[in-house]
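Subject: Structure for you, with notes

Hi,

Here is the structure I promised to pass on. Please open it alongside this message.

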Amino acid sequence: MNVPKLRFKDDDEREFPEWKERLISDIVKSLDAGVSVNSEDRKPLDGEYSVLKTSCVTLGTFDINERKVVIELTEIKRLKELLLNDSIVISRMNTPLLVGANSYIKRAPEKTFLPDRLWQIKIYPDSVNMRWLSLWFNNEQNLEKIRNLATGTSNSMKNITKPDLMALDISVPDIKEQTKIANFLTAIDEKISQLTQKYDLLKQYKKGVMQQIFSQKLRFKDDGGREFPKWNQTILGKVADPNIRWSFTGGPFGSNLKAENYRDNGIRIIQLQNIGDGTFNDSYKIYTSEIKANELLSCNIYPNEIIISKMGDPVARCCIMPSSQDRYLMASDGIRLVVNKASFNTKYMHDLINSEVFRKNALEASTGSTRRRIGLDELRKLPVIYPCLAEQTKIANFLTAIDDKITHTQTQLDAVKQYKKGLLQQLFV
């Protein structure tokens, strides 16, 4: 029998018994789904009935906000699977990636029921520690086993049957060792929860501060304590440096850059997916040759310049290019902005473009029903408010300090999540 790499001992430092090979059906009494009902897509108020959305569970995470309100009496009477405390909810029907996604619910919100695409796991009394079982279900190796059970002709939606899940093999330790494992990993989950909350609060704080700054309710003073001059207004096109060629321009048309131009290394092509909401997303990497990049010099973009998205949600989001390469090539959905440094601070402009007031104007100027898009000319005409360069710099430095705290918290969060992932690999077989 396979033995986990990491084992716990009892309170007297003695080895626990060997793990036993079982079937899911030996410990799980039933997998119970709810029903689909008519509901209103809003956060429920106290005392209201609600039904979970399928999106309430992802990979080990339960989002209490992913619920819909059930108002009509006839629909309330049809609700049948109440969400319980100390339970596990699993997605029986979902996309290939999320089918089998599940989460542990320590304390269930009141009057909350399951839809037809979610199961609630119910165990035989004293057969297993529910928290440990949820960790087993979320172990990457076991998740892959569960995903492999899914069937369906559609590539977008897969389904797991009860008999298939119940027939899965499971290695089960003594229930006292289960409790030790669960308590140990719960402490790590609490750390993850604390860091996640800190990260969200910092993001929320920055958003609130930006609203105060760009509405001019919050003003800075010079080093002598004096008021800075009144703010000015221009359009985005006039922020660009007139002395730099192509300082405000879009990426190449699709006919200029095709799949056969892609390489495993060389000059990196910046795609729409790389333009994060205020940050550069480094996950997507494709390259082209230096020859091709030289053919498209008007679409080259360089470190510490701003790139703006022509489309997506939100439209006109932007980020500052990193310094990991000497230059990059913009794909067709990117717009390069090189600010005139005699009058504008790059970081200030980056945060202004990502502010709610600019986003609102960009959305109104965009077109499209499902996926919004804004053209270079429309973007060029959008209004921009700005103080003198000295106050811009103070604002930029202030917001950078918040960004540094957000980044540091994100780094800590990623490290703890990675640590937990490594432990799960050693604790389960």
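My notes follow, region by region.

First, a caution: this is a predicted model.

The four-stranded sheet

Start with the open sheet of four strands. Its order is E2-E9-E5-E7, and the pairing is antiparallel. Strand E2 (28–33) and strand E7 (102–105) form the edges, each pairing on one side only. From one strand to the next, the twist averages 25 degrees.

Strand E5 (residues 87–91) pairs with E7 in the antiparallel sense, over four bridges. Which residue of E7 is the bridge partner of Ile 88? It is Tyr 104.

Helix H3 (residues 130–138) spans E2, E5, E7 and strand E9 (118–123). H3 runs at about 165 degrees to E7.

Ser 30 sits in strand E2. Is Ser 30 buried or exposed? Its relative accessibility is 17%, so Ser 30 counts as buried; the cut-off for buried is under 20%. The Ser 30 side chain makes a polar contact with the side chain of Asp 32, at 2.9 Å. Setting aside neighbours within four places in sequence, Ser 30 is in contact with Gln 120, Ile 121, Lys 122 and Met 166.

Strand E18 and its two partners

Strand E18 (residues 306–309) has side chains pointing two ways. Ile 306 and Ile 308 point one way, Ile 307 and Ser 309 the other, and all are buried.

E18 pairs with strand E19 (residues 318–320) in the antiparallel sense, over three bridges. There, Ile 308 stands opposite Cys 318. E18 is also joined to strand E21 (residues 334–337) by four bridges, and these strands run antiparallel too. In E21, Leu 337 is the bridge partner of Ile 306.

Helix H8

Why is helix H8 (residues 346–353) described as largely enclosed by the rest of the structure? Because eight of its eight residues are buried. Among them are Lys 347, His 350 and Asp 351, along with Tyr 348 and Met 349. At the start of H8, a side-chain oxygen of Asn 345 comes to within 2.9 Å of the backbone nitrogen of Lys 347.

Helices H6 and H11, and the loop at Asp 222

Next, a helix pair. The axes of helix H6 (175–214) and helix H11 (residues 389–427) come within 10 Å and cross at roughly 160 degrees. H6 and H11 are therefore roughly antiparallel to each other; angles over 145 degrees count as such. Their crossing is left-handed.

Asp 222 lies in the loop between H6 and strand E12 (232–235). With a relative accessible area of 19%, Asp 222 is buried. The Asp 222 side chain reaches the backbone nitrogen of Gly 224 at 2.9 Å. Not counting residues up to four places away in sequence, Asp 222 touches Phe 228 and Lys 394.

How far apart are the C-alpha atoms of Asp 222 and Glu 391? They are separated by 7.4 Å, although the two residues are 169 residues apart along the chain.

Best wishes

Terms used:
Residues are numbered from 1 along each chain as its sequence is written. This is a predicted model: local features need pLDDT of at least 70, side-chain atom pairs count only at pLDDT 80 or more; totals for chains, interfaces and linings use all residues. Side-chain values use heavy atoms; hydrogens and water are left out. Two strands pair if DSSP finds at least two bridges between them. Axes are lines fitted to C-alpha atoms, for helices over the stretch in contact, and angles run from 0 to 180 degrees between N-to-C directions. Contact means heavy atoms within 4.5 Å. Buried means under 20% relative accessible area, exposed over 50%, partly exposed in between (1.4 Å probe, protein chains only). A polar contact is a pair of N or O atoms within 3.5 Å; within protein, one must be able to donate a hydrogen and the other to accept it, and residues adjacent in sequence count only if both atoms are side-chain atoms. Angles under 35 degrees count as roughly parallel, over 145 as roughly antiparallel, 65 to 115 as roughly perpendicular and the rest as oblique. A crossing is left-handed if the near helix is turned anticlockwise from the far one by less than a right angle, and right-handed if clockwise.
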